[in-house]
Amino acid sequence: MTETVDALAALVAGGGVVVLSGAGLSTESGIPDYRGPSGAARRHTPMTYQVFTRDAQARRRYWARSHLGWRVIARAVPNEGHRAVARLQSAGLVDGIITQNVDGLHSAAGSTGVVELHGRLDEVVCLGCGNQTSREELDRRLREANPGFDARVAAVNPDGDVDLADDEVAGFRTVDCTFCRGGMLKPDVVFFGETVPAARVARCFDLVARARLLLVLGSSLTVMSGRRFVLRAAKLGVAVVIVNQGPTRGDGYATVTVDAPLGRLLPALADRATGGVAPAGLTGVGG
C-alpha cells in the first residue's frame, strides 16, 4: 500500500494527534534501534530489575557498561524527526507525546509535556530513600572512583548499555547514595521485570482515549508496553497510523502503515500539515 506525504499530512492536519515514539526515531541521532535497520543483536542478556537489586556483581557489570554507554547518549542531539514532532505540537496538531525512549531527545527538541513511559537515562534514583540526582553528577562520581577505567566500547544499545568483556569490568567500583549514605542507586528507567508506574500508564491511556489519531513513529511494537496503546486505540475506534522501517506487531490494527526513514518523512509531513513546503525530492513514501 502506498501513501503519499500529502495523504499523511491530510490526516495529521485534522489535529487531535497523539504520538507514540520508539527507538527508531532516535537512530539518526546515533542511538541504535534494537530491531530496526540499524539494530545490532545483543551479546548479553538485558539487565532485569531482580538481578540488578539482588546481585552485586551483576550490578557492577551493569554500571561499568552503562558508565561508558551514557557518554554516547549524553552526546546525542535531536534529529530532524524529533524537531518535526515538536513543530507539529507547536502548531497545535499534536496534543500529546508518549515515548518509549529514555534519551530525552523529544524534550531537547522543544516538545513539552512528554510522557516518558520508561523514564529517563539522565536521571538517577536511590532505591533506599527515593532521592533523585542527575546522571551528570553520578558520572562525575564514577569517574573519580574509577580513574584508570579505560575499557573500549564495542557496541551501544538504545538504553545506554554497552557490550564489555567480564575482565574489563573486574575492577570497576560502584558508588552509593550520598543523601541517605548507602542506598542503592539505579538509573530512573524501567528495567526488564519492572512495571511502568500505574499513574504514568493511566495518563497514556487517557491521552489515547481523547485522541483523534494515534501516530506511531519508529516502534516495532514488539513488547506490550507500547503495543497496548495501539490495542486501546483500535478498541476505542481511534485511527492508528504507523510509520516505521520494517513491519510491526501493530500493523493489523493500523489504518495506514508507512515504511520510510523518519528523518526524511517527518519534516516533509510537518511542512505539509502546517502549510509549509516539503523538501525537494520527497513526494511520496511506500507502505
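Is Val19 buried or exposed, and what is its relative accessible area? In the predicted model examined here, Val19 is buried, its relative accessible area being 1%, and since residues count as buried when that value is under 20%, Val19 therefore falls within the buried class.

The residue lies in strand E2, which spans residues 17-21. When residues up to four places away in sequence are set aside, Val19 touches Val85, Val94, Gly96, Ile97 and Ile98, together with Leu215 and Leu217.

Strand E5, formed by residues 119-126, pairs with E7 in the antiparallel sense, and four bridges join the two strands. Within this pairing, Cys126 has Leu185 of E7 as its bridge partner.

At the level of the whole protein chain, ten helices and eleven strands are assigned, and 52% of the 287 residues count as buried. Of the contacts with a separation of 6 or more, 72% are accounted for by residues 24 or more positions apart. The accessible surface of the protein chain comes to about 12800 Å², and carbon and sulfur atoms contribute 49% of that area.

How values were computed. Residues are numbered from 1 along each chain as its sequence is written. This is a predicted model: local features need pLDDT of at least 70, side-chain atom pairs count only at pLDDT 80 or more; totals for chains, interfaces and linings use all residues. Side-chain values use heavy atoms; hydrogens and water are left out. Buried means under 20% relative accessible area, exposed over 50%, partly exposed in between (1.4 Å probe, protein chains only). Contact means heavy atoms within 4.5 Å. Accessible areas come from the Shrake-Rupley method with a 1.4 Å probe; for residues, only the protein chains shown count as cover. Two strands pair if DSSP finds at least two bridges between them.
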